[in-house]
Amino acid sequence: GPCSIVCTNEFSAALSLENNEMQDPNEFARLLFDRMRETLRSSCIDGGDLGDLLPSIFGGSFLYITTCSECFQQTRKSEEFMEVTLPIADDVGLQQNSSVDIQRCVDFYLDPEHLVRDNQYFCSNCNKKCDAKRELFFKKLPPVLNVQLARYVFDRETLAKRKVKTKVLLPNELRVPFIVSDSQYGKKQNASFANSGVEADYVLCAVQNHLGSSAYQGHYTADVMDWTTGRFYEFNDGEVTLLEDGPVSSFEPDSDEDRRLTRGSEDAYNLFYVEKSYLSMKSLDEIAKVTEINNRKQETHDNVLVSMKFERDEHYDREEKVQKKMNRRTKRLQERSNLICRRLLFRDKALMGHASDFSSGQSVWLDSSMLRCFFSCDDSLDEYFRKARVASILNNNSYLCKHSNGLNPYVACRGKLVSFEMYKAVKEIIEAEYESFLRDESDGDETHVVNCTKKLKTPLQEFVITKDSNIQCKRCGLSCQSEMRGKLKFLEGIVSMYDALAEEQSDIEIVPDLR
C-alpha cells in the first residue's frame, strides 16, 4: 500500500554498502545480481542449481558479426548480458525540446558499425587492416529486458561525468528484432537485422527515474505496473501514487496522435520491458490463484478480473487515505517544531506579542508531562486531543484541588514554573495545532472544528496558575504537612524499635559449645 516502508539497514550491510551513500542504479543492480547469484548457487535443492534463476529471467546474448570489405570473411562472437545499455540516439534534425523514441534508440543501437580509417579491422584472411562492417544482433532475448539508458557520459572538456538531458518517449510496446540462429546469415554480404523477419514484443512494466541535473546526486523514483491489472503506481520513498494514465512519458506506438501529445522525460533512466507471452503466462498464474480463492466464495470466473481490480483499487484508496493522513500529521508536527524554534528558542519578538494584564516577570505553572509531550514534537499530544482533554492541557484550573483554592502540593511538584510569555506562546501553538488535528480527523469538516474549539475561546488569564496567587492551597498544604508528620513519626518509631533490638542482641552472652 502507499504507506509501506522497509528499512534497508540490514540489506545494505549484506551488500557491504553504506546506508547513507547514494548508489548508481546500474552499478547497484550489477552488484545485487552478483551477490544474489553467489547466494543462490550455494543453495541447492535436490541437486538443482539456483544460480541459473536470475539468468533465466534477465539473461540474454548478443551476436557480433564482422565482415571484411575486401574478402568478405565473417567472424562471429557471442556475448551474454543481463542488461542492455542503450545510448540515447538523437534523430536527424531533432528540434530543441523534442523527444527521442526508445524504439529509435534500439534501432540505432543495432545499426551496423563501419570500421574505417583509424578504426579499421584486422582481417586474418587478408593479414592486414581493412575496412569492415560490424553488426550486432540479439541472439537470445530474456523474458525481462533490463534496459539501461546511457544518461551519464564523460565530458572531455570538464573531465567529469554529466547527465544527458535528452527527453525520451517510452512506447508501451517495444519491438525487438532477433535472429533465430547465427547460421541463418551464413556468409551473406548484406546480412542485416531488419531482414531477419523475427521480432519479439515487449510490454513496458517499470520505469526508474533520476530526478536532478547532476550525475553525482539526485533522487530516484519508480513507476511500476501491477501485472494482473495493468495499473501503474509511482513509488517515491514511502509514498505510493496511482498513475491513472501510466508513466507520463509512455504512449501507444501505433497512435501518431498519442505520440505527438505525450511529453518526453529527461528523468527516465532504467526501463524494464517484459516479453508479452511471458507476461501473459505470469499474469494468468496470478489470476488462477485468485480464481481458486474466489471460486470458494462461489464467484464466477468471468468476474475474477473485475473483482481483483475492484479489491486492489479499494485497498489502494484505503491506504492512500492513511498515507495522506500521515503526511498531514507530519506536516502538523513539523509546523509545531518550527513555531517552537521561532517563538520559544529564538524568541521572535514579532511573534511573542504583549503580555497584557500580567507582569513580564510573572511565573506560570505548567504540567511537566504535558510539556514533555509538547517539546518532543511527536504525536504524543494526539492522545490528549483524541480524549478531548485539550481543556486540561490549556486550562490549568483543572489541576486545582477539591477546595479550588490552589494546587495540592503533590500535584504542584509535578509541574514547572515558566514565564507568562512562554505560557502564552505554548497555549497559542497548542490551540492552533488542535484545530489542525480536528480538521484532519474530520476530513475538513469546519462545523465540527468550530464546535470543538468553542471552549478554547476563553480569556487568557482564567487559565493561569501563578506562583504568587493560587499555586498552593493552604488547606491542602496543612493537610499534607500533617500527613507527612504522621509518616515521619511512624518512621521514627520503627527506627527506635530497630535500635532497641540491636542493643538487646549485643547484651546476649554467647557460650561456646565445648563438646
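Reader: Which residue in strand 2 is the bridge partner of Gly60?
Author: The model is predicted, and its residues are numbered from 1 along each chain as the sequence is written. Local features need pLDDT of at least 70, side-chain atom pairs count only at pLDDT 80 or more, totals for chains, interfaces and linings use all residues, and side-chain values use heavy atoms, without hydrogens and water. Strands (E, at least two residues) and helices (H or I, at least four) are DSSP runs numbered from the N terminus. Across from Gly60, the bridge partner in strand 2 is Phe81.

Reader: How many bridges join strand 1 to strand 2?
Author: Strands pair if DSSP finds at least two bridges between them. Strand 1 and strand 2 form a hairpin with 5 residues between them, and Phe72 in the turn has a positive phi of about 60°. Strand 2 (residues 74-81) runs antiparallel to strand 1, and the number of bridges joining them is 8.

Reader: How many of the residues of strand 1 are buried?
Author: Strand 1 also pairs with strand 8 (residues 132-140) in the antiparallel sense over 8 bridges. Buried means under 20% relative accessible area, exposed over 50%, and partly exposed in between (1.4 Å probe, protein chains only). Strand 1 covers residues 60-68 and is mostly covered, with a buried count of 8 of 9.

Reader: How far apart are the axes of helix 9 and helix 13?
Author: Axes are lines fitted to C-alpha atoms, for helices over the stretch in contact (heavy atoms within 4.5 Å), and angles run from 0 to 180 degrees between N-to-C directions. The contact is made by Met370, Phe374 and Phe375 of helix 9 and Met422, Val426, Ile429 and Ile430 of helix 13. Helix 9 (residues 368-376) and helix 13 (residues 420-441) pack at an angle of about 65°, and their axes lie apart by 12 Å.
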